[in-house]
Amino acid sequence: MRKSSSPIKHQQIKGAEVLLNYSQTTSMQTRDALNNGYVYVIKNGNPSSVNSCKIWRETEKILQKKGLRYYVYNTEYAGHAEKIAEEILKRHTTRAILLVVGGDGTLHEVINGAARFSHAVVACV
């Protein structure tokens with residue numbers, strides 16, 4: 001039996017599946033009303049972030065398998081994830097799902113950008 005090289009990565013992907021299963025169990029009409037039917041992915045755009053790229057490829061497969069629609073935003077500079085989150089949430093008055101693919105810095109920025117929006121749902125893989 002082969003052991004996983006990183007149980008944390010498995011848990012991260014499993015967390016994405018839980019979120020996406022929840023999103024899929026809601027009826028399409030309700031989901032569209034709640035978040036326009038999209039998952040907004042905010043991804044660390046740093047090309048040296050190999051781990052983020054690998055996790056994103058696995059997460060994208062799950063999104064596609066579940067038939068969920070999504071937009072991907074790649075960060076370009078420090079503080080960019082916060083601005084992306086704010087811009088997404090300003091366009092919505094109902095729940096919006098922000099899926100963060102990156103490390104603690106990217107997550108921290110997204111949380112800061114989403115902090116004043118009560119309709120924000122932030123998840124991280």
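Modeller: Two strands pair if DSSP finds at least two bridges between them. Strands (E, at least two residues) and helices (H or I, at least four) are DSSP runs, numbered from the N terminus. This is a predicted model, where local features need pLDDT of at least 70, side-chain atom pairs need 80 or more, and totals for chains, interfaces and linings use all residues. Residues are numbered from 1 along each chain as its sequence is written, and side-chain values use heavy atoms, without hydrogens and water.

Biologist: In which sense do strand 1 and strand 3 pair?

Modeller: Look for K43, whose bridge partner in strand 3 is V101. Five bridges join strand 1 and strand 3, and the sense is parallel.

Biologist: How many of the six residues of strand 3 are buried?

Modeller: Buried means under 20% relative accessible area (exposed is over 50%, partly exposed in between; 1.4 Å probe, protein chains only). A96, L98 and V100 point one way, while I97, L99 and V101 point the other. Strand 3 is largely enclosed by the rest of the structure, because the number buried is six of the six.
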